[in-house]
Amino acid sequence: MPQTAPQLLAGAVAWRPATPASSETAERARLTPGGPLQDALCDLVKEFGFQGAVYAHLGHAVRALRESGPVTPLRFVASSVFDRRLYGETGALEFDPMITDAVRSNTPVAWSTAADPRLTDAQRQLHARLRGRGIQAGVIAAVQDYAAGPAFLNFYSAFTGEAERCLQERAAQLVFAAGVFHERAKLLALPTRQAARPLLTSREIDCLRLAAMGLTAQETAGVLEVTVRTVEFHLKNAAEKFGASNKVRAVALAVSRGLIQL
Amino acid sequence: MNRSASPLSEREAAVLRLAALGCTEQATAGALRLSRRTIQYHLASAVEKLNAPNKTAAVARAVCAGLIDLPAAEPAENARDLR
């Protein structure tokens, strides 16, 4: 006898759009101790009738999405350990086809794992992982936070129709819910350890900061009491780490990611 | 981005933005189809308006103040509508 979709998903999915009878199973399936944010995210998942969701605050690192490899979100909340694994441990933010476009939009965007000839191999693998979890489609609601950098809520659904219907009927509520969740997350969640790991050495940051203030390499050398060649060495290394072609570009990227403040 | 609130003219913002992308004056001149001297003129004028000591500092200030967008983070055109 073929299994229905809810039976297939029962063991692997955080929340069904629960009938009271199945909420106990869902509670067990969640596995990880739920903080207030995870609880709030699960409530949203239930309210909008999805199977799971992840929240990621990309911060200004979003500017690097196409420039320098994987991006570790500043804050990350998943409705279950399964959802966390999809992103947190695979670094999927780097090539997730939905995210690069969706985070720049202010209206929610629907996506599906249906075959698309434009996808790269890495993107196909991610979609295969999602399908393996019974996820067919979803909706991304981005939060355009100009001060702290963009964030998004990505809801997963087992049925393409459900995601699209939710988008058509409740887009405004999704945007509102995402905004409220983002504000709560900023207050309650500490930035993840990986995101806090310094990309640059403190000396490189010193040189970039002084360059951003308008000092020449000669003047910077005087301030830091090192030789001009050392300053040029630090600036060259900083530019290389950013994949930047010159000093001005490196300074622009460092400012945009909040590594140096003016 | 609220252009009307920006102290920079459209040309000055474009020149600064290309500088932030790592373009040399020569490359900027080629991209905008202007002479190198015109680029230098726009840059000097932007540097003065931002009260910055030089080009690097002007780019840093413009990025910090949100006067120029770096391309990977350009918000969608409707980004302001729902705020």
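Two strands are taken to pair if DSSP finds at least two bridges between them, and strands (E, at least two residues) and helices (H or I, at least four residues) are DSSP runs numbered from the N terminus. On that basis, strand 1 of chain A is joined to strand 2 (residues 75-78) of chain A by 4 bridges, the two running antiparallel. The model is a predicted one, in which local features need pLDDT of at least 70 and side-chain atom pairs count only at pLDDT 80 or more, while totals for chains, interfaces and linings use all residues. Residues are numbered from 1 along each chain as its sequence is written, and chains are lettered from A and ligands numbered from 1 in the order in which they are written.

Strand 1 of chain A (residues 52-57) is mostly covered, 6 of its 6 residues being buried (20 or more other C-beta atoms within 10 Å of the residue's own, with C-beta atoms placed from the backbone). Gly52(A), Val54(A) and Ala56(A) point one way, Ala53(A), Tyr55(A) and His57(A) the other.

These pairings belong to an open sheet of 5 strands in chain A, with order 2-1-5-4-3 and antiparallel pairing. Strand 2 and strand 3 (109-112) of chain A are the edges, each pairing on one side only. On average, neighbouring strands are turned by 15° against each other, direction ignored (axes are lines fitted to C-alpha atoms, for helices over the stretch in contact, and angles run from 0 to 180 degrees between N-to-C directions). Helix 3 (residues 36-48) of chain A packs on the sheet, touching strands 1, 2 and 5 of chain A, and its direction makes about 130° with that of strand 1 of chain A (contact requires C-beta atoms, placed from the backbone, within 7 Å). Helix 7 (residues 160-188) of chain A also packs on the sheet, touching strands 1, 2, 3, 4 (137-143) and 5 of chain A, at about 35° to the direction of strand 4 of chain A.

Turning to the two chains together, helix 12 (residues 247-256) of chain A and helix 4 (residues 55-64) of chain B pack at about 25°, with axes 9 Å apart. The two helices are therefore roughly parallel to each other (angles under 35 degrees).

Technical notes. Buried ≥ 20, exposed ≤ 12 C-beta atoms within 10 Å, placed from the backbone. Parallel < 35°, antiparallel > 145°, perpendicular 65-115°, else oblique. Contact = placed C-beta atoms within 7 Å.
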